[in-house]
Amino acid sequence: MSCMKTILAALALMTGVGTALPAHAADGIVRHPEEDFPISTVIEVPAGASTIYLSGQGAPVQDKKADPHTIAAYGDTQTQTRAALESIQGELKKLGLGLGDVVQMHVYMVEDPKLGKLDFNGMMKAYTQFFGTAKQPNLPVRSAFGVAHLGNPGWLVEIEVTAVRASGR
């Protein structure tokens, strides 16, 4: 079957009808990247891998002088996304993992009252500092949701992830 996949991939490349080829990692995890967007559309996890679920993380307080129940304490969507991903990175590090081990992400967002809408662009600016970079090229499958409220009224973003520890790590 592997030979057939190789032949089909070669034919697709020669005819120009191919899409991005999946990234086969040494740990056996296969990521199928979206062609024009920094996420994977499908991720295949091999048998024997451990699945790690992290609870939703919001940003820690950025401005200690501000009321911790206000957006002013946490910053805009970009700031909150970056801080939430840094918190996730810290939690993963405690487990001997990194952001490259994240296979699934759910981003919950509320409307930024200053903009009158979700700040998807702000979220993406922070997200792309951590995923799809030369230093960390692994892309998770991801969904972003607009929600009415989050647990903390100062949060604009909450992120939960699922990571995988390959067998033998």
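A nonpolar core here is a set of buried Ala, Val, Leu, Ile, Met, Phe, Trp, Tyr and Cys residues joined through side-chain atoms within 4.5 Å. Keep that in mind while looking at this predicted model, since the largest such core has 32 residues. Within this core, Ile88, Leu92, Met105, Tyr127, Phe131 and Ile159 touch the most other members. At least two core residues come from each of E4, H2, H3, E5, H4 and E7, and H3 gives the largest share, with five. As a bit of background, nonpolar side chains in soluble globular proteins tend to be buried together.

**The chain as a whole**

Let's step back for a moment. The chain has four helices and seven strands, and from the N terminus on the order goes α-β-β-β-β-α-α-β-α-β-β. Of its 169 residues, 37% are buried. Take the contacts between residues at least 6 apart in sequence, and 70% of them join residues at least 24 apart. The accessible surface is about 9,600 Å², and carbon and sulfur atoms account for 56% of that.

**Helix H3**

Back to H3, then. This helix has 18 residues and spans 26 Å from its first C-alpha to its last, close to the 26 Å expected at 1.5 Å a residue. Its buried residues are Thr77, Thr79, Gln80, Thr81, Ala83, Ala84, Leu85, Ile88 and Leu92. And what do the buried residues of H3 pack against? Their partners are strand E4 (50-57), helix H2 (71-74), strand E5 (102-109), helix H4 (120-127) and strand E7 (157-165). After H3 comes glycine 96, with a positive phi near 75°.

**The salt bridge**

There's one salt bridge in the structure. It pairs lysine 94 with glutamate 91, and the closest N and O atoms sit 3.0 Å apart. Why do these two line up along the helix? They're three residues apart in H3 (residues 77-94), so about one helical turn separates them. How open each partner is to its surroundings is shown here:

| Residue | Relative accessibility | Class |
|---|---|---|
| Lysine 94 | 64% | exposed |
| Glutamate 91 | 32% | partly exposed |

Lysine 94 counts as exposed because its 64% is over the 50% cut-off.

Conventions: Residues are numbered from 1 along each chain as its sequence is written. This is a predicted model: local features need pLDDT of at least 70, side-chain atom pairs count only at pLDDT 80 or more; totals for chains, interfaces and linings use all residues. Side-chain values use heavy atoms; hydrogens and water are left out. A salt bridge is a side-chain nitrogen of Lys or Arg within 4 Å of a carboxyl oxygen of Asp or Glu. Buried means under 20% relative accessible area, exposed over 50%, partly exposed in between (1.4 Å probe, protein chains only). The expected span of a helix is 1.5 Å times one less than its number of residues. Contact means heavy atoms within 4.5 Å. Accessible areas come from the Shrake-Rupley method with a 1.4 Å probe; for residues, only the protein chains shown count as cover.
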